[in-house]
Amino acid sequence: MASEILPEPKPSPQRTLERLRVAFQGEFGAFGEEAIHLLWGGAAEPVPKGTFEDVMSSAESRDVDYGMLPIESTLVGGLDVAYDLLSLHDELKIVAEVVVPVHLCLLAVPGATIKSIRTLSSHPVMLGQCTHFLSRHKHITPEPAWDTAGAAREVRDAGDRTRAAAGTRRAAERFDLMVLMDHIEDRPDSQMRFLAVSREPAAVPENTPARTALFAVFPHEAGALVSALGPMAEAGFNISHLASRPTREPWRYQFFLEFEHTSDDPRVADAVSAIRGATAEFRLLGTYPRWTRTRTEPLPGW
């Protein structure tokens, strides 16, 4: 039934003649690059961009084949910037997801020690996952940076033994930094989920664990949300992600919703239609395979 919700994608010449080009925010060594490697392996060329807006604009203008956008973390929850950019870029569809383990290392220049470190730099989301480390080492002050790899590069460029970055081993190798301590994240099972976006919707194979995402603005009246989601509950679909963001109108909110199903379940179209009919505004963002693969398994169809 996924084919009834989304049209079949048109073949892209870049998929067959050369490596895919996938934009991510940050520098080489960032978690966005890791997400690309997990999803496509060597079939994709990571393309670094300065901001998440640059990532989305590049995908929307077809400067790249896909954009990679983080959507939620197991420790800090959903990312508001992702909801807002998905809402603004209405030409883009969500075509895939990938879950990246978040393992953070304490990176510093040769000769530095934990006692010599005075500042720890990283993306605010990553610093938010190092609270236990920082509470144990109160002489170290967190410093927000634009991205994890950029923080590592700045530590290398400064050559200062009092500065450190929280980043990946990939960043340590790229910038010739020492790993003073491994796994400084609060939990060893920390994860970040990324969404891949493109102008063309995904073609999901039959009988595949899938997820559908949508935006909806419900009427400002009692029971509107519950009533709209009733058919989804009756079908047994799990709503895996529900978040609200303000619209430009006062006290009016837009909901980002994802629910899980099998790709060819005939009840999906009825559930989506029920929500569409109960909303003041509605936009289908895409149906795509759920991330259930291991690192070594290829993405079907790529």
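Two strands pair if DSSP finds at least two bridges between them; helices (H or I, at least four residues) and strands (E, at least two) are DSSP runs, numbered from the N terminus. The structure on display is a predicted model, in which local features need pLDDT of at least 70 and side-chain atom pairs count only at pLDDT 80 or more, while totals for chains, interfaces and linings use all residues. Residues are numbered from 1 along each chain as its sequence is written, and side-chain values use heavy atoms, with hydrogens and water left out.

**First stop: confidence**

Colour the chain by pLDDT, the predictor's confidence in each residue, from 0 to 100. The protein chain has a mean pLDDT of 89, and 91% of its residues reach 70 or more. Select residues 1-17, where the pLDDT is below 50. Residues 295-302 likewise have pLDDT under 50.

Select β13 (238-246) and β15 (281-289), the edge strands, each of which pairs on one side only. They belong to an open sheet of four strands, ordered β13-β14-β12-β15, with antiparallel pairing. β13 and strand β14 (residues 253-262) run antiparallel and are joined by eight bridges. Within this pair, Ile239 stands opposite Phe259 in β14.

Next, display helix α5 (residues 80-88), which packs on the sheet and touches β12 (209-217), β13, β14 and β15; contact means heavy atoms within 4.5 Å.

Select residues 66-73, strand β3: seven of its eight residues are buried, so the strand is largely enclosed by the rest of the structure. Here buried means under 20% relative accessible area, exposed over 50%, and partly exposed in between (1.4 Å probe, protein chains only). With strand β1 (residues 20-25), β3 pairs in the parallel sense over two bridges, and Ala23 stands opposite Gly67. Strand β11 (residues 191-198) runs antiparallel to β3, joined by six bridges; there Phe194 is the bridge partner of Pro70. A hairpin of three residues leads from β3 to β4.

**Last stop: the nonpolar cores**

A nonpolar core is a set of buried Ala, Val, Leu, Ile, Met, Phe, Trp, Tyr and Cys residues joined through side-chain atoms within 4.5 Å. Select Trp40, Met68, Leu86 and Leu120, the residues with the most contacts inside the largest core, which has 79 residues. Another core, of 17 residues, lies apart from it; Ala228, Leu229, Met232 and Val268 are among its members.

How values were computed
Axes are lines fitted to C-alpha atoms, for helices over the stretch in contact, and angles run from 0 to 180 degrees between N-to-C directions.
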